[in-house]
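Welcome, and please open your viewer. We will take this tour one selection at a time.

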Amino acid sequence: MPGNVRVEQYVDQMEVLSRTSLFVTHCGMNSASEGMWMGVPELLFPLTGEQRAVARRVAEVGAGVLLEETTAKESASLRAAVFAALADEHLREGANCMRDDLRSCAGPTGAADFIEHVAQSCIKR
């Protein structure tokens, strides 16, 4: 491996995302969500149908850019896509917007309160 490359069996992805400017991802739901939670712009390279659906949605909300297969497989094109994404202010804004939106959610307690409220209103009918 080149001297600037490390290979690890395991990394704490959230820790890595907390220190990075761009996330190149296969678009698994957990990975895409963690990238958005951390406000990291994403380069999206889905491999399966589910991952393609996740990638489309991340791109729709402005937090990521889809990579064409030819771009992802050619080093000069991939390098250009990385530099373009790093320079894209709209992509950074989209990632930050998703981070803020996700972090504003009420979490499990808020979800439980909402479910109880809906259940109570159904019982009253």
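In which sense do strand β2 and β3 pair, and over how many bridges? Select residues 42-44, which form β2, and then β3: the two run in the parallel sense, paired over 3 bridges. Keep in mind that you are looking at a predicted model. For a landmark here, pick Leu 43, which stands opposite Val 65 in β3.

The 3 strands form an open sheet in the order β1-β2-β3, with parallel pairing. Residues 23-25 (β1) and 64-66 (β3) are at the edges with a single partner strand each, so one side of each has no neighbour in the sheet. On average, neighbouring strands here are turned by 20° against each other, ignoring direction.

Next stop: two helices. Select α2 and α6, whose axes come within 7 Å and cross at roughly 95°. Because angles of 65 to 115 degrees count as roughly perpendicular, α2 is described that way relative to α6. Show side chains for Ser 33, Met 36 and Trp 37 on α2, and for Ala 95, Met 98, Arg 99, Leu 102 and Arg 103 on α6; these residues make the contact. By class, they are 5 nonpolar, 1 polar and 2 charged.

Finally, look for the largest pocket, which holds about 160 Å³ of space. Its lining consists of Met 29, Ser 33, Met 36, Val 54, Arg 57, Val 58, Val 61, Met 98 and Leu 102. Two or more of the lining residues come from each of α2 (29-37), α3 (49-60) and α6 (89-103). Colour the lining by class and you will find 7 nonpolar residues, 1 polar and 1 charged.

Conventions
Residues numbered from 1 in each chain as written. Predicted model: local features only at pLDDT ≥ 70, side-chain atom pairs only at ≥ 80, totals over all residues. Heavy atoms only, no water. 1 Å grid on protein atoms, 1.4 Å probe; cavity = no way out; pocket = protein on both sides within 12 Å on 5 of 7 lines; lining within 4 Å. Points joined across faces, edges and corners; volume = space filled by probe spheres on them. Helix = DSSP H or I, 4+ residues; strand = E, 2+ residues; numbered from the N terminus. Nonpolar A, V, L, I, M, F, W, Y, C, P; charged D, E, K, R; others polar. Pairing = 2+ DSSP bridges. Axes fitted to C-alpha atoms, helices over the stretch in contact; angles between N-to-C directions. Parallel < 35°, antiparallel > 145°, perpendicular 65-115°, else oblique. Contact = heavy atoms within 4.5 Å.
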